Amino acid sequence: MNYYSTNGKAPIATLEKAVVKGLAEDRGLYMPEHIKQLPQEFFDHIQDMTFQEVAFEVASAFFGDDILAADLRRIVDDTLQFDCPIVPVKDNIYALELFHGPTLAFKDVGARFMARLLQYYVKRKATTSGSVNVLVATSGDTGSAVANGFLGVEGIHVYVLYPKGKVSPIQECQFTTLGQNITAIEVDGVFDDCQRLVKSAFMDEELNRHLRLTSANSINVARFLPQAFYYFWAYAQLKRRATASLDEKGEVTICVPSGNFGNICAGLFAKRMGLPVSHFIAANNANSVFYEYLQTGQYQPRPSVQTIANAMDVGDPSNFARIYDLYGKSHDAIAADISGTTYSDAEIAETIRQTYAETGYLCDPHGACGLRALESQLQPGHVGIFLETAHPAKFRDTVEPIIGTTIDIPARLAAFMQGAKQSVPMSKDFADFKEYLKLKIEK
Ligand SMILES: *Cc1c(COP(=O)(O)O)cnc(C)c1O
């Protein structure tokens, strides 16, 4: 399968090129040329399949022409070494828990898949070209997922750019303590500055002449498309529970706490592939650019503001370009499939507190946006799933004061907190970052 750019001015790319380059030459995002509809038979039997089997079917639809089935199956199986269960929270409302991976957030799925796919390509080319440098900007969870997904992978070096003082201490130690082939870069700016530095590096001809640069941000198709896996798996689990748990049309409403809109975009692809979703809800924190787009038809990016759901502090969601393209640039079509919400920190906190008091279920701040949005928009008689995108312990400094008790830290999270922080300080000026990367070339 080939990939085109959302800006329409770059050459068509193979999967390998799309994965290694990340961003197209014209700064557009790569999109698969076709989205295969999965056969009815798959949906009829999905409840009898394992997560890996479901994911392999979905992966084959995208990557089956480019990767041998046996290799693809190994990459999928190796990626999904943990479950993504659905858990009932309230009547007709389920959490899809995406935090059972190594860094306790949904980004583990895409990051692990991409690391394995990139390694597959690097290995095949090991004799002809040098190592690959992965640049990734993070507002918190991307950095840890990517760094851990790539840790120790030969032939690949990862640079994680993160905004100084704007990620939680627990998030920070998940990518600053690893060493080996992982370098953390602490940028004196906000997330959008980090993202700009990464994008500028990809556009810089001089750097690209000497360095093989690739992006592991959610713009990379190898990170973004595998996120479709768990939408199908959530549906399989619902079906397994009882047919009564779906609405009269056999459909489900899905609510996605959104920042860069990669996760929800993968869900929209899943729907195109035939997943019976009646409606998507994009839950935003105070960074409400998409919400406003839905109301007004005007897309007006602006600097992000800091919130307690900090992985969604994005003022110019990169995957908006993909959604816009997927729906033929039609505001009406987008608004027909997706509705939006925006919540203040006070509303998010209230949702965490109330849900915990009423049900015993503890949401993280991102999942809380999702739950609140789903509760407010779910139609009577319908069934909804919200994505619980991270474990609440990752945000314990926020969550503990809200509920007034301490929470248990899972062992795999506590282990990160033992290590010593190592990071490279950096200004938000691209010239400085470029100088730094050039020094790496000379070495
Ligand atoms: C990254 C992240 C989000 C936002 O996902 P996008 O794909 O950027 O929309 C939401 N919640 C958590 C916990 C995250 O880490």
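The structure is a predicted model, in which local features need pLDDT of at least 70 and side-chain atom pairs count only at pLDDT 80 or more, while totals for chains, interfaces and linings use all residues. Residues are numbered from 1 along each chain as its sequence is written, and side-chain values use heavy atoms, with hydrogens and water left out.

The ligand is considered first.

Lys107 has a polar side-chain atom 2.4 Å from an oxygen atom of the ligand. The backbone also takes part: a polar backbone atom of Asn260 is 2.8 Å from a ligand oxygen atom, and a polar backbone atom of Gly262 is 3.2 Å from a ligand oxygen atom. On its own the ligand has 380 Å² of accessible area, and the protein covers 97% of it. Accessible areas come from the Shrake-Rupley method with a 1.4 Å probe, and for residues only the protein chains shown count as cover.

The ligand sits in the largest cavity. A cavity is a set of points, on a 1 Å grid over the protein atoms alone, where a 1.4 Å probe fits but cannot get out. A molecule sits in a cavity if more than half of its atoms lie within 2 Å of its grid points.

Helices (H or I, at least four residues) and strands (E, at least two) are DSSP runs, numbered from the N terminus. The buried residues of H6 include Asp141, Gly143, Val146, Asn148 and Phe150. Just after H6, Gly152 takes a positive phi of about 75°.

Positive phi values also occur in residues other than glycine. Leu104, with phi near 65°, is placed in the loop between strand S4 (93–97) and helix H5 (107–124). Leu104 counts as buried because its relative accessible area is 0%. Arg27 has a phi near 70° and lies in the loop between H1 and strand S2 (30–32). Arg27 has 43% relative accessibility and therefore counts as partly exposed.

Asn285 is found in the loop between strand S10 (277–284) and helix H13 (289–296). Its relative accessibility is 0%, so Asn285 counts as buried. The side chain of Asn285 makes two kinds of backbone contact: it reaches the backbone nitrogen of Asn287 at 2.8 Å and the backbone oxygen of Ala309 at 3.0 Å.

Tyr299, in the loop between H13 and helix H14 (320–326), is partly exposed, with a relative accessible area of 23%. Its C-alpha atom is 9.1 Å from that of Phe320, 21 residues apart along the chain. Thr406, in the loop between helix H18 (396–403) and helix H19 (411–416), is exposed because its relative accessible area is 66%. Thr406 and Ala393 are 13 residues apart in sequence, and their C-alpha atoms are 9.5 Å apart.Ile12 lies in the loop between strand S1 (3–5) and helix H1 (15–21) and, at 44% relative accessibility, counts as partly exposed. The C-alpha atoms of Ile12 and Val54 are separated by 29 Å, at 42 residues apart along the chain. Gly367, in helix H17 (residues 365–377), is buried, with a relative accessible area of 0%. From C-alpha to C-alpha, Gly367 and Leu151 are 27 Å apart in space, and they are 216 residues apart in sequence.

Terms used
Polar contact = N/O pair within 3.5 Å; in protein donor to acceptor, adjacent residues only side chain to side chain. 1 Å grid on protein atoms, 1.4 Å probe; cavity = no way out; pocket = protein on both sides within 12 Å on 5 of 7 lines; lining within 4 Å. Buried < 20%, exposed > 50% of the residue type's maximum accessible area, 1.4 Å probe, protein only.
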